[in-house]
Amino acid sequence: MGYGIKVRIKGPRACFTRPEMHVERTSYDVITPSAARGVLEAVYWKPAIRWVIDRIEVLNPIVFDTIRRNEVASKASYRSAKKVYDTGAGAIGIDVTADRQQRNTLYLKDVDYVVDAHFELVPEKVGETDTEAKHYNIALRRLRSGQCFNQPYLGCREFPADVSLIEEDSIPRSFYEVEETHDLGFMLYDLDYASGKDPIPQFYRAVMHRGIIDVASARSEVVS
């Protein structure tokens, strides 16, 4: 925990999709720990480290809006593409006109979060030159200069995230700082890939206290 960081993650739109909604995308009320981890991994990730989210502070009011988009109902198959590549015959693409569908998305507007996180070394992946101080300094340098491996996004790739390092206590006050408790119910915590098969979703009870979700305390009560 000595190598923790505090970052500000914001954007005009976000959609942290509820897994129980199979057709229409419907966002959770706030960013999920797995989405926050994904933002940090977009900035800096190595096999030797694992990001862990400790706290989420919600600065802006939770406001939803809807958008309707054209999407395709299927995706290109790797097996079909490989067969075409090997045989030289057949088609790889998708006929978007025949496969087009209109779907609604219930998304969040003008999101702004402060996320506290730290990283842990992954014992089986650590090399001789991997130290906590090394990775911490690299992460700080990348955050300060605005570098990232790929564009961080807020749930959907078309909703880019603005990520910045917080080094001074100059954070705006949360809209919910006067609200003692705001229960958001069960939310997706992360996906467990330990079985080596299909990932198992994990859920936690997200409760805001004056705008802050203590993810570290809730982690002990994660359920699958």
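Predicted model: local features only at pLDDT ≥ 70, side-chain atom pairs only at ≥ 80, totals over all residues.
Helix H4 covers residues 132–145, and its 14 residues reach 20 Å from the first C-alpha to the last, close to the 20 Å expected at 1.5 Å a residue. The residues of H4 that are buried are His135, Ile138, Ala139, Leu140, Arg142 and Leu143, and these pack against strands E1 (5–14), E3 (49–58), E5 (100–121) and E8 (162–165) as well as helix H1 (33–43). After H4 comes Gly146, with a positive phi near 75 degrees.

The largest nonpolar core has 48 residues, among which Val7, Phe16, Tyr113 and Ile213 touch the most other members; strand E5 gives the most to this core, with seven residues. Leaving aside residues up to four places away in sequence, Phe16 touches a set of residues including Tyr28, Val30, Ile31, Ala35, Leu108, Tyr113 and Leu154.

Turning to the open space, the largest pocket has a volume of about 640 Å³, and of the 22 residues that line this pocket, Ser34, Ala35, Arg37, Gly38 and Tyr153 are the closest to its centre. Helix H1 provides the largest share of that lining, seven residues, and the lining as a whole divides into twelve nonpolar, six polar and four charged residues.

The second largest pocket holds about 440 Å³ of space and is lined by 19 residues, with Arg37, Glu41, Arg50, Trp51 and Asp190 nearest its centre. Here strand E3 gives the most to the lining, with five residues, and the lining residues comprise eleven nonpolar, one polar and seven charged.

Note on methods: Residues numbered from 1 in each chain as written. Heavy atoms only, no water. Helix = DSSP H or I, 4+ residues; strand = E, 2+ residues; numbered from the N terminus. Expected span 1.5 Å × (residues − 1). Buried < 20%, exposed > 50% of the residue type's maximum accessible area, 1.4 Å probe, protein only. Contact = heavy atoms within 4.5 Å. Core = buried A, V, L, I, M, F, W, Y, C linked by side-chain atoms within 4.5 Å. 1 Å grid on protein atoms, 1.4 Å probe; cavity = no way out; pocket = protein on both sides within 12 Å on 5 of 7 lines; lining within 4 Å. Points joined across faces, edges and corners; volume = space filled by probe spheres on them. Nonpolar A, V, L, I, M, F, W, Y, C, P; charged D, E, K, R; others polar.
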